[in-house]
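Here are my notes on this chain, point by point. Please read them with the model open.

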Amino acid sequence: MLIAGFPAGAWGTNCYLVAPAAGEECVIIDPGHQAAQGVEETLKKHRLKPVAVVLTHGHIDHVASVVPVCGAHDVPAWIHPADRYMMSDPEKALGRSIGMPLMGELTVGEPDDVHELTDGAKLSLAGLELTVSHAPGHTKGSVTFGMPEAADIPPVFFSGDLLFAGSIGRTDLPGGDMDEMLASLARVCLPLDDSTVVLSGHGPQTTIGRERATNPYLREVAAGQGAGPAPRRGM
């Protein structure tokens, strides 16, 4: 298994390229702001051929490079229908203007081919199986992608802006809801095995076991006590 990731753009959003091995087809997860060059460099380095872009949610820091990446490789994008509008109207998704200088760098809109994600769907792409879990809270259409244990790696969980190392995604933007966030943490994260590697939308990788033991939100959700301190990461 090959998972190559890099932080991109003004928000340091993690973009991941996932393939069975070098020299094979791959899936691109969350090509955000200024991610296109990093995607091309990673494809070249590992001799990968993309077959799809999959998105954990619709915020501009996760989708800003979807149009150029999909267009360059003639591949579809997958997103939950509740967040699809954000690709064409990023300012509405933020509830404010994100600023003319930044907007001038972006290609706003949808790629030519868009597929919609549903809770519980199993995507078979590039020889991989990704299990989709709808996880609202950060946005209404937030999802996560889970991959089963393989011969050389433990289970992998692409958490988007649901769960970070030591924290969770913010809930104060349009579509955010702390009650939904806590419910998603309980339903989606708590059942995962402690060995599961968490690759999130921002920050370093972690494991479910580490977060279960140290993350104040996951600990308090597990204890049925509600929210922890105010979240700080994510757009």
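1. Terms and basis. Contact here means heavy atoms within 4.5 Å. Helices (H or I, at least four residues) and strands (E, at least two) are DSSP runs, numbered from the N terminus. Buried means under 20% relative accessible area, exposed over 50%, and partly exposed in between, with a 1.4 Å probe and protein chains only. This is a predicted model, in which local features need pLDDT of at least 70 and side-chain atom pairs count only at pLDDT 80 or more, while totals for chains, interfaces and linings use all residues. Residues are numbered from 1 along each chain as its sequence is written, and side-chain values use heavy atoms, with hydrogens and water left out.

2. The chain overall. The chain has 8 helices and 14 strands. Of its 235 residues, 53% are buried. Take the contacts with a separation of 6 or more: 63% of them join residues 24 or more positions apart.

3. The β1 to β6 sheet. Two strands pair if DSSP finds at least two bridges between them. Six strands form an open sheet, ordered β1-β2-β3-β4-β5-β6, with mixed pairing. Its edge strands are β1 (2-8) and β6 (114-116), each pairing on one side only. The twist averages 25° from one strand to the next. Angles run from 0 to 180 degrees between N-to-C directions, and axes are lines fitted to C-alpha atoms, for helices over the stretch in contact.

4. Strand β3 and its partners. β3 (residues 25-29) pairs with β2 in the antiparallel sense over 3 bridges. With β4 the pairing is parallel, over 5 bridges. I28 shows both sides: L17 stands opposite I28, and V53 in β4 is the bridge partner of I28. β3 is mostly covered, with 4 of its 5 residues buried. The hairpin of β2 and β3 has 5 residues between the strands, and G23 there takes a positive phi near 80°.

5. Residue T13. Where does T13 sit? T13 belongs to strand β2 (residues 13-19). T13 is buried, at a relative accessible area of 2%. Its side chain reaches the backbone oxygen of D61 at 3.0 Å. That is a polar contact: a pair of N or O atoms within 3.5 Å where, within protein, one must be able to donate a hydrogen and the other to accept it, and residues adjacent in sequence count only if both atoms are side-chain atoms. Neighbours within four places in sequence aside, T13 is in contact with F6, P7, A8, D61, H62, G201 and H202.

6. Helix α1 (residues 36-46) lies across β1, β2, β3 and β4 (49-54), at about 155° to β1. Helix α3 (residues 66-73) lies across β3, β4 and β5 (77-79), at about 145° to β4.

7. Which residues of α3 are buried? They are V66, V69 and C70. They cover an arc of only 95° around the axis, which puts them on the same side of α3. The arc is that of the directions from the helix axis to the C-beta atoms. These buried residues pack against β3, α1, β4, α2 (60-63) and β5. The face turned away from the buried side carries the exposed residues G71 and A72. Just after α3, D74 takes a positive phi of about 55°.

8. Another open sheet of 6 strands runs in the order β7-β8-β9-β10-β13-β14, and its pairing is mixed. β7 (122-125) and β14 (206-207) are at the edges with a single partner strand each, so one side of each has no neighbour in the sheet. β7 and β8 (residues 128-134) pair in the antiparallel sense over 4 bridges. L130 in β8 is the bridge partner of L123.

9. Helix α6. α6 lies across β8, β9 (143-147) and β10 (156-160), running at about 145° to β8. D177 caps its N-terminal end, with a side-chain oxygen 2.9 Å from the backbone nitrogen of D179. M181, L182, S184, L185, V188 and C189 are buried in α6. Seen down the axis, the buried residues of α6 fall within an arc of 160°, so they line one face of the helix. An α-helix has 3.6 residues a turn, so residues three or four places apart point the same way.
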